[in-house]
Amino acid sequence: MTLWRSEASHQAAAPEPVDPLVAGIATGIGSWPGTDPREAAATIIGELPDLPHLVELPDRGVGADLIGRVSALLVDLRFDSTTRGYRLAARPGAVSRRARDLLHADLDAIEEAWETAGLAGAGRVVKLQSAGPLTLAAEVELPGGHRILTDSGAVRDLSESLAEGLARHAAEVRRRLGAEVVIQLDEPRLTTVLDGSLKGPSILNTIRALPEPEALHILDTVIDAQSAPVLLHTCASRPALTTLGRTAATGISFDASTITTADLDALGEILDSGKKVALGLTPSAAPATPITWREVAEPGVRLIDRLGFPRSVLADRILVTPSCGLAGAPLSWSRKALSLTSDVARAFAEEPESITVE
């Protein structure tokens with residue numbers, strides 16, 4: 001979605017495009033501890049004023065986790081639960097109804113918190129999250145027990161259903177909040193899908209590596225269907241940066257601690273292409289000893305220095321996030337993590353040259 005900002009002038013001037021996914025700010029990954037959507041929504045809006053997000057609360061159980069939540073978004077598809085996780089269901093059942101009820105409660109909570117904060121209709125930006133099509137195809141089973149990924153027709157149906165469902169979801173959030181939207185697609189399984197290390201239901205069932213062109217087509221089917229910018233996120237220990245960079249996504253998000261020397265060229269190409277990068281810098285688990293925002297910031301600054309980019313890139317192209325979701329952390333650390341993340345983003349935006357690294 002492109003916004004337009006016109007400068008006051010006596011002469012007619014072409015409007016200047018404004019990207020809702022701006023750099024130099026902090027945002028969260030998605031998940032949060034606890035089960036109270038109203039408390040979570042108020043906290044996120046207060047702690048992340050530049051780009052708050054619709055909070056995910058997986059502690060609520062089935063239908064609230066990364067995969068089950070998507071059952072509330074899909075069009076003409078739904079999930080049921082199994083002992084191994086989720087599978088496609090022939091008709092709506094308890095899982096899909098619960099997922100929809102939880103999502104509606106979350107939307108009611110953020111709408112209430114948005115109005116309380118005086119943000120309704122102010123044209124602010126909010127981020128939504130969903131598991132991406134490849135991770136869904138890798139995690140969810142067909143009725144017969146095999147992963148959706150093993151059936152190209154089922155993968156196509158899933159990606160098209162997700163694309164339409166996400167667009168509807170974003171439209172509802174725009175209407176409820178009077179806000180612009182950024183969509184985050186979570187693809188933690190992308191690397192295993194590409195390298196063929198995903199296991200079948202038994203050792204006799206192998207799942208082929210998905211060729212990159214096929215993976216890109218599936219991802220871009222969902223991305224291109226959105227009228228909002230898409231941030232493609234992975235918490236994988238080996239992020240597939242080359243593939244991520246070749247998608248139509250506006251930005252790429254990953255845990256900065258996973259980047260090795262072998263990843264530098266791919267990351268440099270992503271930044272050169274003009275994409276935004278959301279660096280996961282703040283630990284998602286509480287450290288053994290207290291840390292300062294400077295300690296959190298140093299790896300990000302060092303990474304940009306190693307790539308040979310000017311530090312102004314930290315303000316122009318970089319967003320700052322926790323390293324991954326915060327659902328597994330104590331509430332006290334989760335709040336502290338967001339505070340540190342905001343402090344780092346502010347330093348990147350205002351004084352990147354003054355940050356010293358050892």
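**Chat notes: sheet, helices and one leucine**

User: Pick a spot to begin: what is the bridge partner of Val 125 in strand 6?
Analyst: Val 125 has Glu 180 as its bridge partner in strand 6. Strands here are DSSP E runs of at least two residues and helices are H or I runs of at least four, numbered from the N terminus.

User: And how is the model sourced?
Analyst: It's a predicted model, where local features need pLDDT of at least 70 and side-chain atom pairs count only at pLDDT 80 or more, while totals for chains, interfaces and linings use all residues. Residues are numbered from 1 along each chain as its sequence is written, and side-chain values use heavy atoms, with hydrogens and water left out.

User: OK, back to strand 6. How many bridges pair it with strand 5?
Analyst: Seven, in the parallel sense, with strand 6 covering residues 180–186. Two strands count as paired if DSSP finds at least two bridges between them.

User: What's the strand order in the sheet?
Analyst: The order is 5-6-7-8-9-10, an open sheet of six strands with parallel pairing. Strand 5 (125–131) and strand 10 (318–322) are the edges, each pairing on one side only. Neighbouring strands are turned by 25° against each other on average, direction ignored; the axes are lines fitted to C-alpha atoms (for helices, over the stretch in contact), and angles run from 0 to 180 degrees between N-to-C directions.

User: Is strand 7 buried or exposed?
Analyst: Mostly covered: five of its five residues, 230–234, are buried. Buried means under 20% relative accessible area, exposed over 50%, and partly exposed in between, with a 1.4 Å probe and protein chains only. Val 230, Leu 232 and Thr 234 sit on one side, with Leu 231 and His 233 on the other.

User: What stands opposite Leu 231?
Analyst: Gln 184 does, and in strand 8 the bridge partner of Leu 231 is Gly 251. Strand 7 has four parallel bridges to strand 6 and four to strand 8, also parallel.

User: Which strands does helix 8 lie across?
Analyst: Helix 8 (264–272) lies across strand 8 (251–255), strand 9 (276–282) and strand 10, at about 130° to strand 9.

User: Switching to helix 1: what does its buried side pack against?
Analyst: Helix 2 (94–116) and helix 11 (331–350), where contact means heavy atoms within 4.5 Å. The buried residues of helix 1 (37–47) are Pro 37, Ala 40, Ala 41, Thr 43, Ile 44 and Ile 45.

User: Why do residues three or four places apart point the same way?
Analyst: Because an α-helix has 3.6 residues a turn.

User: Which residue caps the N-terminal end of helix 1?
Analyst: Asp 36, with a side-chain oxygen 3.0 Å from the backbone nitrogen of Arg 38.

User: I also flagged Leu 216. Where does it sit, and what does it touch?
Analyst: Leu 216 is in helix 6 (residues 212–223) and is buried, with a relative accessible area of 14%. Leaving aside residues up to four places away in sequence, Leu 216 touches Thr 243, Arg 246 and Thr 247. Leu 134 is 82 residues from Leu 216 in sequence, and their C-alpha atoms are 9.8 Å apart.

Terms used. A polar contact is a pair of N or O atoms within 3.5 Å; within protein, one must be able to donate a hydrogen and the other to accept it, and residues adjacent in sequence count only if both atoms are side-chain atoms.
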